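Here's a quick briefing on a protein model, meant to be read with the coordinates open. Have a look at the fold and the surface before going through the points.

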Amino acid sequence: MRQVNILGTRYTELTGSIHNHTDVSYDCDVPILDVLKAACKNRLDYVTLNDHDSTLKAVDINKAIADISNNKRYKGAICPIVISGTELNDPDDSHHLLVFSHSPTEKKIHLPDLLEELSERENTYFFAAHPFEKRACKDFPLYIWKRSE
């Protein structure tokens with residue numbers, strides 16, 4: 001975290017990492033503790049955890065932070081702010097959306113159709129997970145954001 005002056009106005013600049021998975025997701029085998037250790041080592045101010053169709057429980061996040069705080073190797077290290085969200089995938093896995101302050105639902109929803117509902121909720125923030133990703137494999141087609149018919 002550092003203070004910067006832009007056009008005569010003082011701001012706090014934070015450095016962090018957005019769109020991280022843990023071993024809760026099907027496509028990652030890194031435990032939350034290791035993600036947070038890496039964030040501490042790299043002196044990040046914040047990290048977001050966005051596991052697929054799942055939101056990490058606060059108790060698991062707090063336990064990982066406590067483990068780091070109690071570890072002599074990390075003495076004096078400041079744990080980053082942890083922002084827990086979820087990466088929602090729709091049934092055909094053609095859209096991925098990072099959502100914060102949302103309780104995942106059991107059924108998969110066509111995400112472009114969900115955008116209107118999410119935009120009307122208070123304190124819910126979201127953005128496309130892979131807006132410009134190029135896919136080289138036919139097994140994972142390019143995301144085309146459009147409403148279902």
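What follows covers the overall fold, the surface and the cysteines.

This is a predicted model, where local features need pLDDT of at least 70, side-chain atom pairs count only at pLDDT 80 or more, and totals for chains, interfaces and linings use all residues. Residues are numbered from 1 along each chain as its sequence is written, and side-chain values use heavy atoms, with hydrogens and water left out.

**Fold**
- You'll find three helices and seven strands here, counted as DSSP runs (helices: H or I, at least four residues; strands: E, at least two) and numbered from the N terminus.
- Going along the sequence, the order is β-β-β-α-β-α-β-β-α-β.
- Among contacts (heavy atoms within 4.5 Å) with a separation of 6 or more, 63% link residues 24 or more positions apart.

**Burial and surface**
- The protein has 149 residues, and 32% of them count as buried (under 20% relative accessible area; exposed is over 50%, partly exposed in between; 1.4 Å probe, protein chains only).
- Ile 6 sits in strand β1 (residues 2-6) and is partly exposed, at 45% relative accessibility.

**Cysteines**
- There are zero disulfides (pairs of cysteine sulfur atoms within 2.5 Å) in the structure.
- Cys 79 is in no disulfide, and its nearest cysteine sulfur, that of Cys 40, is 3.6 Å away.
- Cys 28 is buried, at 19% relative accessible area.
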